[in-house]
Amino acid sequence: MYFPDRKIVERVKEQYTEGSRVELIHMEDPYRTEMTAGLKGTVTSVDDTGTIHVHWDNGCCLGVVYGEDSCKKLDTVKVICYNDEETWDSRDDAMEFYLKAMASSEGSEQSRYAKIVSELAMGKAVCTDSEE
């Protein structure tokens, strides 16, 4: 079994912090047919071999083994609008949704959506329609 260099493991730990959302690209396990490309999950930890441990949205808890499997970190963003909180796995998807909402509204509602769009464009991790 291959163990990556300590610097590589540290870089993986920095990139894939607990709570990060990931999407599976490939898993080298012929017995885990439910682990298909595109499956999303939440990182629980990264161990000293560089394995990214994930709680997958399908209920499985399997690690992405460095050098064998692959996943990508998602650009997750939280949006709070009208006091409802929603987490988006894709900033681009959130932007598209709120741009459409803004285009089909007017007045104060349009202003709320415009504020969210602005914060999404600035790269904020949490975007809100509040005036605070």
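**View 1. The largest nonpolar core.** This core has 16 residues, of which Tyr16, Val22, Met35, Ile52, Val54, Trp56 and Val64 touch the most other members. A nonpolar core is a set of buried Ala, Val, Leu, Ile, Met, Phe, Trp, Tyr and Cys residues joined through side-chain atoms within 4.5 Å. Buried means under 20% relative accessible area, exposed over 50%, partly exposed in between (1.4 Å probe, protein chains only). The model is predicted: local features need pLDDT of at least 70, side-chain atom pairs count only at pLDDT 80 or more, and totals for chains, interfaces and linings use all residues. Residues are numbered from 1 along each chain as its sequence is written, and side-chain values use heavy atoms, without hydrogens and water.

**View 2. The salt bridge of Asp89 and Arg21.** Their closest N and O atoms are 2.9 Å apart. A salt bridge puts a side-chain nitrogen of Lys or Arg within 4 Å of a carboxyl oxygen of Asp or Glu. Asp89 is in the loop between E7 and helix H2 (91–103) and Arg21 in strand E1, so the pair ties together parts 68 residues apart in sequence. Helices (H or I, at least four residues) and strands (E, at least two) are DSSP runs, numbered from the N terminus. Asp89 is buried at 18%; Arg21 is buried at 14%. Asp57 joins both in a network of salt bridges.

**View 3. The salt bridge of Asp129 and Arg112.** The N to O distance is 2.4 Å. Asp129 follows strand E8 (126–128) and Arg112 sits in helix H3 (residues 107–122). Asp129 is buried at 6% relative accessibility, whereas Arg112 is partly exposed at 28%.
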